[in-house]
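Biologist: I am new to this structure and would be grateful for a close look at one part of it, namely the salt bridges. Which side chains take part, and where do they lie?

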Amino acid sequence: MFEPMTFSLRWLFYLFALVFALATPALTYAQTDQPTSRPRIGLVLGGGGAKGAAHIGVLRVLEEMNIPVDCVAGTSMGALVGATYAAGVPPELIESQVLAVDWAATVGGQGDRDRMSIRRKLQSRPYTNNLDLGIRNGTIMGSGGLLNTQRIDDLLRTLVSGARGIEDFDDLPLPFRAVATDMVAGEMVVLGNGDLSIAMRASMAVPGAFTPVMLNGKVLADGGQMRNLPVDIARDLCGDVIIAVSLATPPPTAADLASGLALAGRSIDVMIEANSRAQLATLTEQDVSIVVPMGDIGSGSFERVPDAIPLGRVAALAKSSDLARFSLPPEEYAAWRANISRDYSKPGKIAEVTVVGLDRVNPEYVREAIVLTRPDTEVTPGDVAADASRIYALGDFEKVQYRVVDTPVPDTVEFHPFEKSWGPNFVNLDLGLGWGNDGDIGLLVRGEHRRAWVTDLGGEWHNVIQIGTDVELKTGLYLPLALNQRFFVEPYLRSTRYFEDIYDDGDRLAEYNFIENYGQLDLGVNVGKQAQLRLGIRQGWNETKLETGPQDLLPDEKNTHESDIVIKGTYDTRDVVGLPNRGNLVVARYISSGSWLDGDESYDTAEGMALAVLPFRRDVISAFAAGGIDISGDMPTYRRYRLGGILSFPGMQRQQLRGDNYWLLGTDYKWRLSDVQSLFDHALYGGVRLTTGHVGGRVDDVDEDLITGLALSLSGRTPIGPFLLSLGGTDNNSWAIQLALGRPIREGSILDEIW
């Protein structure tokens, strides 16, 4: 009995050993493959403009809960955050970078004028809107969007700068897909290769606001039109389970949709919400949906990005029990994080800088704008982006792209400025309206044509046509003498006609027609981005004609020939023209007229003004001083200084005072009543202005020692230009209600330069 028992135990032992041996590889595999045996997680980040900053708060919670992600799909702002995360940037760094962005400058364009050359500043001063138009094939056309997207492009490239060499988005630390819409075919486009920053930009190109992205023959715009929450894209990419983050805004009330514009905007929201709901309906019990209530934060509320991030955190924490099953042990999560994290902040050395892709614009002119990316210097991605912005500020390009290439020299920064496709013939249009309670109504319609790059040094041919209260025709050439355009020559011909009223002690008695025709040759110097000085020689033929009224105030009719030397200097650091919030303006002008080229007149005049504008909390304080003097000789009628009007002396009618000399002081306080669109610094201001001054040698022979006036105002900037409504009065019993919209009606002193 003993032997059979022993035999049975032996075979039982062998059998157990065989089972253990067969089981051991399987057990060992299961242990070593444990990190990949978990479900693959696809993260989906929906679109929503500025609301998309809430995605960062969600990412911070995933990081705190040790939840890994295996792939990312995003739309619009979800693509911006998602691509940056997929490129290996940790959530805390994404948050710090996004919070450091000046959204008013990046999206709203605030500060753009600071980057302009003084030439561009003075060239754009007469235009109170931002319309940038051109003529192609006989048709007036413009850019594909109302907003300047260069700073947005620079931001995107900086965020994912370390991924610049990755063409296949599957090769990113986390595979990524961005969703855009092909506006020609009306189809969804899933972007999985190419330039990552361009894919981000295409996904967030809101039609009408941002220019679309031209890629592989497609016109790409905001992906939210087709797939605002790309759940299916992430599931196809890698997702065994999906974490979908969508952004919810309370629906409007019926009262909110009372206007056609509101209904049009709502129709887009309805379309986007419908395709988002369709994607949410595909989620299963294994998936997690995080819906972030955004309250009153809108798609364009970029100034509220800091408020949006915590909302994402709160919404993610509310789903923490559903998310907890995806958490990894701390050691495993740390290994995962270390494997995908990338540090893009370290500076690198640049061996060479090149400029490519130009047709009309001289590449050496562009190189003059490049400052920080000199060869063999250490630069950061932000330094390269700053150079791209400087190139864009030259005014000749619709966008400036750049990349780092390895040929022919390793680490070469290659800038590719894209010349404006609607050039080289550009058009600016402007409209001006002025009204006074005395029945004085002024209307101006102005257009300027500019043909850029008629010479290799950046010469321009420009023409002006203005009709209305003031008529102007002008043609001229701007001819720089070197690529840096520091020195220039500008010959031009100009013809103007002004209808002006003549007052006698506040009573309007006559109307005169002043016609001025002249040719002028200026020699000039541009000093940095703030100042310009001109010396001009002018030959003019002028005519003064009485239209209505008595003849005893001014000569009935007079024709003169003038030979003048004209000196003018301008210093301008204002943030905008017309109702600036900060900056200074100084303008001085000297005219010497004589008989040295058969001139009929002999006189010398000088006039100047200085304006200082300071922000105070959210309000604006400004002060100015201006004056003019007849140095010698007798000033002709058309040269005499005119004061009165909403710009020079509110409370008086336009050009109510006319004399040989004057001085004027004023201060203005504007308090912000409400924000209209803070991103673009559009606000409604209430103001009070105190003005005092004296006009001597008046044509009506009235001698008033000092005139002081007080005016209340309502002002703001609109898409067609600034507006100013004023109610003023003076201590000489004059009062006026006046309105200026867009381009102001000329008043006749150097104070016209303010607006």
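**Salt bridges in the predicted model**

Modeller: The model is a predicted one, and a brief view of the whole may come first. Residues 24 or more positions apart make up 66% of the contacts in the protein that have a separation of 6 or more. The protein holds 18 helices and 33 strands, and 52% of its 755 residues count as buried. Its charged side chains number 68 positive and 97 negative, and the centres of the two sets are 3 Å apart.

Side chains of opposite charge can pair when their charged atoms come close. The count of salt bridges in this model comes to 47.

One of them joins the side chains of Arg119 and Glu490, with an N to O distance of 3.9 Å. Arg119 belongs to helix α8 (residues 118-124) and Glu490 to strand β20 (residues 487-504), so this pair ties together parts that are 371 residues apart in sequence. Both Arg119 and Glu490 are buried. The two also belong to a network of salt bridges, whose other members are Arg120, Asp396, Arg450, Glu460, Asp522 and Arg534.

A further salt bridge brings together the side chains of Arg589 and Glu607, at 3.0 Å from N to O. This pair links distant parts of the chain, 18 residues apart: Arg589 is in strand β24 (residues 583-594) and Glu607 is in strand β25 (residues 603-616). Glu607 has a relative accessibility of 7% and therefore counts as buried. Arg589, with a relative accessible area of 25%, is partly exposed, because buried means under 20%.

Asp668 and Lys670 form another salt bridge, in which the closest N and O atoms are 2.4 Å apart. Asp668 counts as buried at 11% relative accessibility, and Lys670 counts as buried at 15%.

Some charged residues are placed otherwise. Glu167, Asp168, Asp171 and Asp195 form a negative surface patch; residues in such a patch have no salt bridge. Asp195 is partly exposed, its relative accessible area being 35%, and it sits in the loop between strand β6 (187-191) and helix α10. Helix α10 (residues 196-203) is itself mostly covered, with eight of its eight residues buried. Among these buried residues are Leu196, Ile198, Met200 and the charged residue Arg201.

Notes: Residues are numbered from 1 along each chain as its sequence is written. This is a predicted model: local features need pLDDT of at least 70, side-chain atom pairs count only at pLDDT 80 or more; totals for chains, interfaces and linings use all residues. Side-chain values use heavy atoms; hydrogens and water are left out. Helices (H or I, at least four residues) and strands (E, at least two) are DSSP runs, numbered from the N terminus. Buried means under 20% relative accessible area, exposed over 50%, partly exposed in between (1.4 Å probe, protein chains only). Contact means heavy atoms within 4.5 Å. The place of a charge is taken as NZ of Lys, CZ of Arg, CG of Asp or CD of Glu. Patches are made of residues with over 30% relative accessible area and no salt bridge: like charges are joined within 9 Å, nonpolar side chains (Val, Leu, Ile, Met, Phe, Trp, Tyr) within 5 Å. Accessible areas come from the Shrake-Rupley method with a 1.4 Å probe; for residues, only the protein chains shown count as cover. A salt bridge is a side-chain nitrogen of Lys or Arg within 4 Å of a carboxyl oxygen of Asp or Glu.
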